[in-house]
Amino acid sequence: MSEQDWVLHVDLDQFIAAVEIARRPELRGRPVVVGGAGDPTQRAVVATASYEAREFGVHSGMPLRLAKKKCPDAVFLPSDAPAYEEVSAHVMDVLRELPVVVEVIGWDEAFLGARTDDPEALALAVRRAVKAETGLECSVGVGDNKLRAKLATGFAKPAGVYRLTRENWVEVMAGRPVTALWGIGARTAAKLASLDVRTVEELARADLDVLAARFGPAMGPHFRQLALGAGDTNVTATPWVAKSRSRETTFQHDLTDPEEIREQVRLIARRVVEDVREEGRTVVRVVVKVRFVPFFTYTRGVSLDAETMEAATLETEVIEDAAVAALARFEDTRAVRLLGVRVEFSGE
């Protein structure tokens, strides 16, 4: 086999749960659920669940109370973001010691670029290095571009290696639902279904004009390219920088007073500004997230004009006012159980 360029996608298995289990080895093999303050009697959602908990139907985003009903014997633990950030940084440093280019794309995943004649051997070396240095398991997808490498990781889990390239793309992906593609969620799938497009193969054969008419001249053709397995091959070592920062609060009692809701949005916005003030980055958009009773979640956002954007790097009031303006775009008057504020940065 001759040498060629490959893209590997490394995904840390059940990352947050794995970090917690590493700190508490006695929990190994038990169902573990991490989220909120770790109290399933309070309102909060699951951040992650161990594989043992997932067997009971527990998954990320599920209310902790429902997780408790599905898995009464699970161990519930509070989220500890600083600990996860520290472990993530360690893992990425381990990857950088290997003969690869590392592009970090999140706490628990990264793309690796490498020229090799045996990508599977390299993937196994990655797995061994991460395990030896951190004690964590990871799965590695091997591909000829980022899309295929990312999707391959799903077939590699848990703790395995899988190759997905142009050669086996049709065999592996053709009959799968469009939601199997990276970037197509349930809402887009429903819109595609209205066009009688439900599988990856059907999307790959779909009429470009029809897709463009339904999704726009950019996104329509983009979705078909995904179905064809097309993707970026460039892996860059440019440091990963968060595109946004956010905070949210789940209330133990529903909020019904509009003035109290506005004040809570302002409070959360202030906390977000405190989080990002030292970064000195320019905010271009502020988004508010609201979860209405019983569990309907929506977002609304406002973009900032050039003059306001410049002030938004320093002025708390600017972000607060933008958040309140975003909140005003909601027409729903139901009681509120969760509020969140997200600031999105410019691409500078």
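The chain carries 14 helices and 12 strands. Keep in mind that this is a predicted model.

**Overall build**
- A compact globule of 348 residues would have a radius of gyration near 20 Å, and the chain comes in at 22 Å, which agrees.
- Along its principal axes, the C-alpha trace spans about 65 × 55 × 40 Å.
- Buried residues account for 45% of the 348 residues.
- Take the contacts between residues at least 6 apart in sequence: 63% of them join residues at least 24 apart.

**Strand S12 and its partners**
- Strand S12 (residues 336–345) has 8 of its 10 residues buried, so the rest of the structure largely encloses it.
- S12 pairs with strand S9 (residues 244–255) in the antiparallel sense, over 8 bridges; Arg247 has Val341 in S12 as its bridge partner.

**Helix H8, two sides**
- Thr188, Ala189 and Leu192 are the buried residues to look for in helix H8 (residues 186–193).
- Looking down the axis of H8, these buried residues fall within an arc of 100°, so they line one face of the helix.
- The buried residues of H8 pack against helices H9 (200–204), H10 (208–215) and H11 (219–227).
- Ala186 and Arg187, on the other side of H8, are exposed.

Note on methods. Residues numbered from 1 in each chain as written. Predicted model: local features only at pLDDT ≥ 70, side-chain atom pairs only at ≥ 80, totals over all residues. Heavy atoms only, no water. Buried < 20%, exposed > 50% of the residue type's maximum accessible area, 1.4 Å probe, protein only. Helix = DSSP H or I, 4+ residues; strand = E, 2+ residues; numbered from the N terminus. Arc of directions from axis to C-beta. Contact = heavy atoms within 4.5 Å. Pairing = 2+ DSSP bridges. Rg over C-alpha atoms; globule rule 2.2 N^0.38 Å.
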